[in-house]
Amino acid sequence: MAQGQCKFQARKSGKSKAPAASGRNRGPRKGGRVIAPKKARIVQQRKLKKDLEVGIRKKIEHDVVIKASTSLPKKLALVKAPTKKETASSSTKTPA
């Protein structure tokens, strides 16, 4: 009795093979890795910490804008980055 593999195996469809191959070849992803904690108390602490960091950053940015606008003779205008929806609609329009 032969103990090796069969020479002729049934072939699987190519459709299921293509997405798996593309998923493996993506490589490393950008950004930091965060492992979610299991305990609810720690989840709540992390959420509070993040909210505080956001609040502090916004306060600092607001203070900097106020100081800059008072020291300049001309009014300071902040430019915000356009969202993805706005850039798509603006790129389709042609300038007249």
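Ala77 counts as exposed in this predicted model, because its relative accessibility of 64% lies above the 50% limit for that class. The residue sits in the loop between α2 and α3, the latter spanning residues 84–92. Val65 lies twelve residues from Ala77 along the chain, and the C-alpha atoms of the two are separated by 9.4 Å.

The protein chain contains three helices and zero strands. Read from the N terminus, the order of elements is α-α-α. Helix α1 covers residues 14–24, helix α2 covers residues 40–71, and helix α3 covers residues 84–92. Over the protein chain the average pLDDT is 76, and 67% of the residues score at least 70.

Of the 96 residues in the protein chain, 0% are buried. The accessible surface of the chain comes to about 10,600 Å². Carbon and sulfur atoms account for 60% of that surface.

A nonpolar patch on the surface is formed by Leu48, Leu52, Ile56, Ile60 and Val64. Together these residues have about 490 Å² of accessible area. Ile56, one of the patch residues, is found in helix α2. Its relative accessibility is 51%, so Ile56 counts as exposed, the class being set at over 50%.

Two salt bridges were counted in the model. One of them joins Lys59 and Asp63, whose side chains meet with an N to O distance of 3.4 Å. Both residues belong to helix α2, where they lie four residues apart, or about one turn of the helix. Lys59 has a relative accessibility of 49% and therefore counts as partly exposed. Asp63 is also placed in the partly exposed class, because its relative accessible area is 33%.

A further salt bridge links Glu61 with Arg57. In this pair the closest N and O atoms are 4.0 Å apart, and the cut-off for a salt bridge is 4 Å. Glu61 and Arg57 are separated by about one helical turn because they stand four residues apart in helix α2. Glu61 is partly exposed, with a relative accessibility of 45%. Arg57 is likewise partly exposed, at a relative accessible area of 46%.

Helix α2 thus holds the Lys59 and Asp63 pair as well as the Glu61 and Arg57 pair. Ile56 of the nonpolar patch is found in this helix too.

How values were computed
Residues numbered from 1 in each chain as written. Predicted model: local features only at pLDDT ≥ 70, side-chain atom pairs only at ≥ 80, totals over all residues. Heavy atoms only, no water. Patch = residues over 30% accessible without salt bridge, like charges linked within 9 Å, V, L, I, M, F, W, Y side chains within 5 Å. Areas by Shrake-Rupley, 256 points an atom, 1.4 Å probe, with all protein chains shown as cover. Helix = DSSP H or I, 4+ residues; strand = E, 2+ residues; numbered from the N terminus. Buried < 20%, exposed > 50% of the residue type's maximum accessible area, 1.4 Å probe, protein only. pLDDT = per-residue confidence, 0-100.
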